[in-house]
Amino acid sequence: MPELPEVETSRREVTRAAKGHIIENVFVSDDRIVFDGIAPRTFANKMKGRKVVGSDRRGKQYWLELDKPPFPVFHYGMTGWMHVYKDKSERPRFCKMELLLDNGTRIGYRDPRRLGRIRLRKDPLTEPPISNLGFDPVHDMAELALFVEIFAKRKAPVKAVLLDQKFCAGIGNWIADEILYQAKIDPRKPTNQLTPVETKRIRKKLEDIITFAIKVGADDSKFPRTWLFHYRWGKKAAKDGKGNPIEFIRVGGRTTAWVK
DNA sequence: CTCAGTGTTCAGTG
DNA sequence: TCACTGAACACTGA
């Protein structure tokens, strides 16, 4: 479930569990895809004995700050998630990495589809992939002027631009659809054809939706019933909260739910 | 058995 | 170089 609010919620849970503790042991699976640019064993060796002092995030990427670099950077892909538990027997299926802390807590990264990535960086903010990201709505929310400027230069469908992490870091498929549904804008409309008023609505909804989703810990049962989110998953004859039919089309290479 | 999926990357094209 | 599009990646579950 990992878009910005889900990743932020997970980061907070992991940080709460790990901050101030020493990593006593590390389990790694021999997965050369999920571990990107580093051998799993090397990763484990670098983590062992380190103390977790904090964490930070940009877009869908976050990292743990240790008492000395390099730091582990996590990206959940489509199916990655971090689990916190006490007993080894709770280690999840498809576990790619597990940190054992000095208080017995275990933090395990699970990723069945293996589209997530674990990396090691000395200074995550200044190195790829994070250095390639656009603004983060929580840390560096862009001014309206920047939205207008970038939208004017592009002609891709507005949904495709919202999904572009070089524009804005953290938006994924459901948030892009939610923004455009609430802003009442056709996802296929090229950004260079949006009016200033439409652009302003998009910016506002983007900020509101992400802020709210984080506030409720990305618990979708707490999302307002007016949000498209609750109605978009039933593929057949889906209707929104007002009974309007939801259409499913393909935009930006993704299934897109919207209401005319 | 087939296909889509809360994401990213890469090849091909303009 | 850049922007854009669509396929590829890898695997589960409907």
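Biologist: Which residues are around DNA strand C?

Modeller: In this predicted model, the residues around DNA strand C are Ile33, Pro112, Arg113, Arg114, Leu115, Arg154, Lys155, Ala156, Pro157, Ala160 and Gly253. To be counted as near the strand, a residue must have its C-beta atom, placed from the backbone, within 6 Å of it.

Biologist: How do the residues of that surface divide into nonpolar, polar and charged?

Modeller: The surface near DNA strand C has six nonpolar residues, one polar and four charged.

Biologist: What are the domains of chain A, and how far apart do their C-alpha centres lie?

Modeller: The domain assignment gives domain 1 as residues 4-132 and domain 2 as residues 144-258, and their C-alpha centres are 29 Å apart. Nine residues from domain 1 and 10 residues from domain 2 take part in the contact. On the side of domain 1, helix H1 (residues 4-18) supplies the largest share, five residues, and by class that side has two nonpolar, three polar and four charged residues.

Biologist: Why is H1 called roughly parallel to H6?

Modeller: The axes of H1 and helix H6 (residues 196-215) are 9 Å apart and meet at an angle of about 30°. Angles under 35 degrees count as roughly parallel, and therefore H1 is roughly parallel to H6. H1 passes H6 in a right-handed crossing.

Biologist: Which residues make the contact of H1 with H6?

Modeller: Leu4, Pro5, Glu8 and Thr9 come from H1, while Ile210, Ala213 and Ile214 come from H6. By class, this contact has five nonpolar residues, one polar and one charged.

Biologist: Which residues of H5 and H6 make their contact?

Modeller: From H5 come Ile175, Glu178, Ile179, Gln182 and Ala183, and from H6 come Arg201, Ile202, Lys205, Leu206, Ile209 and Ile210. These residues divide into seven nonpolar, one polar and three charged. Ile210 of H6 also takes part in the contact with H1.

Key:
Residues are numbered from 1 along each chain as its sequence is written. Chains are lettered from A and ligands numbered from 1 in the order in which they are written. This is a predicted model: local features need pLDDT of at least 70, side-chain atom pairs count only at pLDDT 80 or more; totals for chains, interfaces and linings use all residues. Domain bounds come from an automatic or database domain assignment. Two residues are in contact if their C-beta atoms, placed from the backbone, lie within 7 Å. Helices (H or I, at least four residues) and strands (E, at least two) are DSSP runs, numbered from the N terminus. Ala, Val, Leu, Ile, Met, Phe, Trp, Tyr, Cys and Pro count as nonpolar, Asp, Glu, Lys and Arg as charged, and the others, Gly among them, as polar. Axes are lines fitted to C-alpha atoms, for helices over the stretch in contact, and angles run from 0 to 180 degrees between N-to-C directions. Angles under 35 degrees count as roughly parallel, over 145 as roughly antiparallel, 65 to 115 as roughly perpendicular and the rest as oblique. A crossing is left-handed if the near helix is turned anticlockwise from the far one by less than a right angle, and right-handed if clockwise.
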